[in-house]
Amino acid sequence: MCQLLGMNCNVPTDICFSFEGFCARGGKTDEHKDGWGIAFFEGAGCRVFLDDKPSIVSPIAAFVRQYPIKSMNVIAHIRKATVGPIQLENCHPFQRELWGRYWVFAHNGDLPDLQLENYPFYRPVGQTDSERAFCLILNTLRQSFPDQKPPLAKLYLLLQQVTQTIARYGIFNYLLSDGEHLFAHCSTKLCYIVRQAPFAAAHLIDEDMTVDFQEVTTSEDRVAIIATTPLTDNEVWTPIEAHELLVFQDGLPLKWAQLPQGSHQKSSG
């Protein structure tokens, strides 16, 4: 299985600490050697770095680990190939435009029988089942709301419906973001932690590295980290329930009952 990493914050934050441990799983502490990628939202822009080399030996990954890019929404992925050869076009996260915004998607799992015969707008570039699922999601959203992004509650309901449809084909853990919100769906394995005041030190599982967040944050900061499995061994991570879809906004996970039911939501950044 692949590995997922996401970050959602209330202030622009770098992901260097978490990404350091995450990269080690791409060939050092785990077997995910078939490419990796990471996307950083910055305003209306999105920086995407991809490489079909293992993250532990990738010069691009080494650069990203040392470059403190500030972002409020980040999605990263390390790949263990099951569908599609080890090539750049099959590396996650995938990116497309919808409603005048970039959307980014990464998937962990297998959907071997998901075949799409009709692509009304979005088409896969590579050969993965993951990219097919992403295109299905975006085509569904675009057909239902062709002109603009709907209110968050309506978007959540439609995303939940298409997610349930796709999940019938197999394991569908994923992260999805447009830079305003970060959606996380768990089929089998996904967890998160929210770091906020009072901050403490955290120690990585995959590298002998510790950061005291009290020294690098303010009392107003709040950061949610989402991962396939916990990245630290001295913090309490919360498992996302099977078949649950969460929306992260300003560093907090929101369920359906907590979503605003009114008009279109403004960007938090």
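**Loops and helix pairs**

I'll start with P198, which sits in the loop between β9 (191–196) and β10 (201–203). The bond that joins A197 to P198 is a cis peptide bond, with omega at about -5°.

Before going on, some background. This is a predicted model, in which local features need pLDDT of at least 70 and side-chain atom pairs count only at pLDDT 80 or more, while totals for chains, interfaces and linings use all residues. Residues are numbered from 1 along each chain as its sequence is written, and side-chain values use heavy atoms, with hydrogens and water left out.

P93 is placed in the loop between β4 (71–78) and β5 (94–98). The peptide bond leading from H92 to P93 is cis, and its omega is near 0°.

Next, positive phi values. W99, in the loop between β5 and β6 (101–108), is a residue other than glycine with a positive phi, near 55°. H243 is not a glycine either, and its phi is positive at about 70°. H243 belongs to the loop between β13 (238–239) and β14 (244–249).

Are these two buried or exposed? Buried means under 20% relative accessible area, exposed means over 50%, and partly exposed lies in between, with a 1.4 Å probe and protein chains only. W99 has 15% relative accessibility and so counts as buried. H243, at 63%, counts as exposed.

Another loop residue is D178, between β7 (173–177) and β8 (182–186). D178 is buried, with a relative accessible area of 1%. What does the side chain of D178 make a polar contact with? With the side chain of K149, at 2.6 Å. A polar contact is a pair of N or O atoms within 3.5 Å; within protein, one must be able to donate a hydrogen and the other to accept it, and residues adjacent in sequence count only if both atoms are side-chain atoms. Setting aside neighbours within four places in sequence, D178 is in contact with F41, R101, Y102, W103 and K149, where contact means heavy atoms within 4.5 Å.

Now the helices. Eight of the nine residues of α1 (residues 16–24) are buried, so this helix is largely enclosed by the rest of the structure. Among the buried ones are C16, F17, F19 and F22.

The axes of α1 and α2 (residues 59–66) come within 8 Å and cross at roughly 150°. That makes α1 roughly antiparallel to α2. Axes are lines fitted to C-alpha atoms, for helices over the stretch in contact, with angles from 0 to 180 degrees between N-to-C directions. Under 35 degrees counts as roughly parallel, over 145 as roughly antiparallel, 65 to 115 as roughly perpendicular, and the rest as oblique.

Which residues of α1 meet α2? C16, F19, E20 and C23 do, against A61, V64 and R65.

The second pair is α3 (residues 129–144) and α4 (residues 152–167), whose axes come within 10 Å and cross at roughly 140°. The two are therefore oblique to each other. From α3, the residues in contact include L136, I137 and L141, and from α4 they include L155, L159 and V162.

Note on methods:
Helices (H or I, at least four residues) and strands (E, at least two) are DSSP runs, numbered from the N terminus.
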